[in-house]
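Please keep the sequence and the model open side by side while reading. The text below goes from one chain to the other and ends where they meet.

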Amino acid sequence: MNEQQQTLWEFMRQQSGKLLEQTVQHIGLTFISLFIAVLIGLPLGIFISRRKKFSGAVLGVAGILQTIPSIALLGFMIPLLGIGPRPAIVALLLYALLPIIRNTFTGITGVDVTVKEAAIAMGMSKWQVLSKVELPLAMPVIFAGIRTATVINVGVATLASYIAAGGLGEFIFGGISLNNTNMILAGAIPAALLAILFDFLLSRLQKLNIKKLKAVTVALPLLLIVLSSFYLLPSAYGTKLKAGFTPEFMGRRDGNLGLQSKYGLKISTVVISDAVMYKAAFEKQLDVISGYSTDGRLKAYDLVVLKDDKNIFPPYFAAPIIQENSLKKFAGLEKILNLLAKRINDSTMTALNYKTDYLHQSPEKVAKDFLVAQKLWKPAQTGGEGMVRIGSKIFGEQYILANIYSMLIKGYSHYDVATKTGLGGTKICFDALTNDQIDFYPEYTGTGLLAILQSPAKVVDSLTASPRATYNYVQDAFEKKYNIKWLKPIGFNNAYALMMRRGQAEKLKIKTISDLKRYLESR
Amino acid sequence: MIKVQQLRKHFGKVKAVDDISFEVKEHENLILLGTSGCGKTTTLKMINRLIEPSAGNVLIDNKNISEQQPEILRRGIGYVLQNHGLFPHYTVAENIAIVPQLLQWDKKRTERRISELIEKLHLTKDQLRAYPGELSGGQQQRVGLARALVVDPPILLMDEPFGALDNVTRANIHAEFKALDELKRKTIIMVTHDVQEAFELGDRICLMDKGKIVQNGTPAELLFHPENNFVSEFLQEQRLSLEFKSVRLADLWQWLSPQLSPNGGGVQLSADSGVWAGMEHFKFKSDDTISILNREHNETKSVGFEQLMSAFYQYKQQQAHE
């Protein structure tokens, strides 16, 4: 444990520059959106306290906005506002709106009627009643709303890294993908501390007596502006092309680190979720992205893979990995799972992915169509001999594979099947496997080698060129270290790849990563 | 001073105030009396335009208030509420200074006026820095009164001003209220449901029911010449004490013989006092008398309890036959 803390501390020190930048971005994102939310929410709250018939509608809409899952909301923003800070700020401010509007409304309508009447009867104008009576008296309640909104925003802002808006989410999601606990903690702890800190500070504000509150009412907007401006500080430094890499890719030796060390590639980079990355490339918001070579969107958005002429991306052959115990428990399961071995090559997988990602067919349908075409499909038999739990990571290909395996097991055995799809990144999936939450899931040799085993650079370098050697190495190491068995490879290699829009790549005559580097360095 | 003409207020189909007219003379204290829901508060609030009438006019000094800007109108009319309506986030001093601030008085003038008022209203300087929540109910009500009086408006509207106070506090404040010279210069309209209070403080009483005025008259007129059964029934329960309170000693003057007692006769009272006040001064010993000074006739009479009662009886007899 002590060692763990040590290394966390070391990691944070080592990455202190990045950590500071992300923290500053995080604070900036939180407060710029909060500031705008106050600018919108406060007048809106005042308005509906005057025209009560609108209150239901306004609070209803703000309430609905709040229930939209954050990732979905960020997703909605992309077609409208692209990627980067703008959609993130808009999404955050939409989340912050409800508590601010609602508390302003509640606060103002809660002001003692006789006090309001006295104010009017003494000859105060509407504006004076609002500014001298209603707002000061509603201020504690309004502050409580702003406080809630702040804490929500600090939390949701971690998701901003999905759409290239930065923030501490870069570490958190990078860490989850890379199975790097220190990296997760380096993002999560500062985020939690920020939430606690701001909550505490605002609670102090709330408790100030009414007298001092007058000063605070002036100070708060100023403070918000200052904190918001944090975000604008690390402004863009540009190269000719703009790259968007996933948090996972950013931190991997066979990712951005390798690009920098082996190719010497220098390109201005934003961190972005792979869920939106391809579309952003298609919409020319990004020029170079770190995709997967079998991704259906490659086909859908007409992107081309740049050749890895220096072999930095190790092979990522997919194969189910399974607990030894589960193999013993479910007799015949290995044979069923191996039915799929060598059945799917790169282009088949891309085509299958294309069907789900772009033609929006359900993974079940795609899986069944595939099995039928391969003459592997059998109708489900009666179950009752035990429950096989299949896991999958949170992207389309894994959903399809999980469905195929589910149909195979039901068709060829009397086992029941539970699928636990969408298990976040590698770390979540693998932890679920080692903790006996699932029996097996499809994993990739490269991921096993780098993210799970965290093999030293020397080992990786010696293996990268040969898929066979990589497979053997991970199979061996998993057996020894985790009692987990790699079954036969499915056939395709879903390796990392840099990709660009076909049109742009052809125009700039970029075919390999070395070409890309030359282009970036040319004048 | 204040003329209310055919005033109506309808809330949907409910006629809260239904064709009301009355006048209040300068320095007069008019009470709007009635049970809750009779429209008295609505009537009051139409005078400073807290509520806009459905029909009818209110004239103050022969000027129609609907032609004045409401904020300006209200700054010239003091308003006292039942639950004082003090700003909880303002100190007592700041609360009292609200209207002067709206009228942009300079600070010195406001301060001078506030210290003058708190003395008259028996508040202390320390209390000026307190917040309303730190004061007792009676003190809060005094601050509310000070706030309404601070710019010395000619008109004062009071909505159940003593309604939230306990009986003892209320009795004390009533006494102060009557003694306060500031109020003698005011034209006051006060709303209450408390019959005793109405008779004690009012020069005239408008008894209201279901949005209409049932009777508008002096306390004695209401008692001895009720317009209809509603009026007499409304007063029935407290009739005797009301009569003793509203009949002045001067009203009995003709039946009081100019008897000169040997010792000049006990306490001296003004003939403007009520019979009740006179009765309170008897100690019920033999030869117990009070002396009454009638400034109008410039004459003093000394009376015993029995004679007072007999005079009161004769007065009532006469009232009944008028």
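This is a predicted model: local features need pLDDT of at least 70, side-chain atom pairs count only at pLDDT 80 or more; totals for chains, interfaces and linings use all residues.

Residues are numbered from 1 along each chain as its sequence is written, and chains are lettered from A and ligands numbered from 1 in the order in which they are written.

Chain A has 25 helices and 10 strands; helices (H or I, at least four residues) and strands (E, at least two) are DSSP runs, numbered from the N terminus. Along the principal axes, the C-alpha atoms of chain A fill a box of roughly 90 × 65 × 50 Å. Of its 523 residues, 49% count as buried. A residue is buried if 20 or more other C-beta atoms lie within 10 Å of its own, exposed if 12 or fewer, and partly exposed in between, with C-beta atoms placed from the backbone. Two residues are in contact if their C-beta atoms, placed from the backbone, lie within 7 Å. Among contacts in chain A between residues at least 6 apart in sequence, 81% join residues at least 24 apart.

A nonpolar core is a set of buried Ala, Val, Leu, Ile, Met, Phe, Trp, Tyr and Cys residues joined through C-beta atoms within 7 Å. The largest one has 220 residues, and Leu92(A), Ala96(A), Ile163(A), Ile272(A) and Ile404(A) have the most contacts inside it. Helix 5 (residues 85-109) of chain A gives the most to this core, with 14 residues. Leaving aside neighbours within four places in sequence, Leu92(A) touches Leu29(A), Ser33(A), Asn153(A), Val156(A) and Ala157(A). A second, separate core of 13 residues includes Leu256(B), Val275(B), Ala311(B) and Tyr315(B).

Helix 7 (residues 126-156) and helix 9 (residues 181-207) of chain A pack at an angle of about 175°, with their axes 9 Å apart. Axes are lines fitted to C-alpha atoms, for helices over the stretch in contact, and angles run from 0 to 180 degrees between N-to-C directions. Helix 7 and helix 9 of chain A are therefore roughly antiparallel (angles under 35 degrees count as roughly parallel, over 145 as roughly antiparallel, 65 to 115 as roughly perpendicular and the rest as oblique).

In chain B, 4 strands form an open antiparallel sheet in the order 2-1-4-5; two strands pair if DSSP finds at least two bridges between them. Strand 2 and strand 5 (63-64) of chain B each have a single partner strand, so one side of each is left without a neighbour in the sheet. Strand 1 (residues 2-11) and strand 2 (residues 14-24) of chain B pair over 7 bridges, and His10(B) has Lys15(B) as its bridge partner. These two strands form a hairpin with 2 residues between them, and Gly12(B) in the turn has a positive phi of about 60°. Helix 1 (residues 40-47) of chain B lies across strand 1, strand 2 and strand 4 of chain B.

Where the chains meet, 16 residues of chain B are in contact with 14 residues of chain A. Helix 2 (70-75) and helix 4 (98-102) of chain B each supply at least two residues of the side that touches chain A, and helix 2 of chain B gives the most, with 4 residues.
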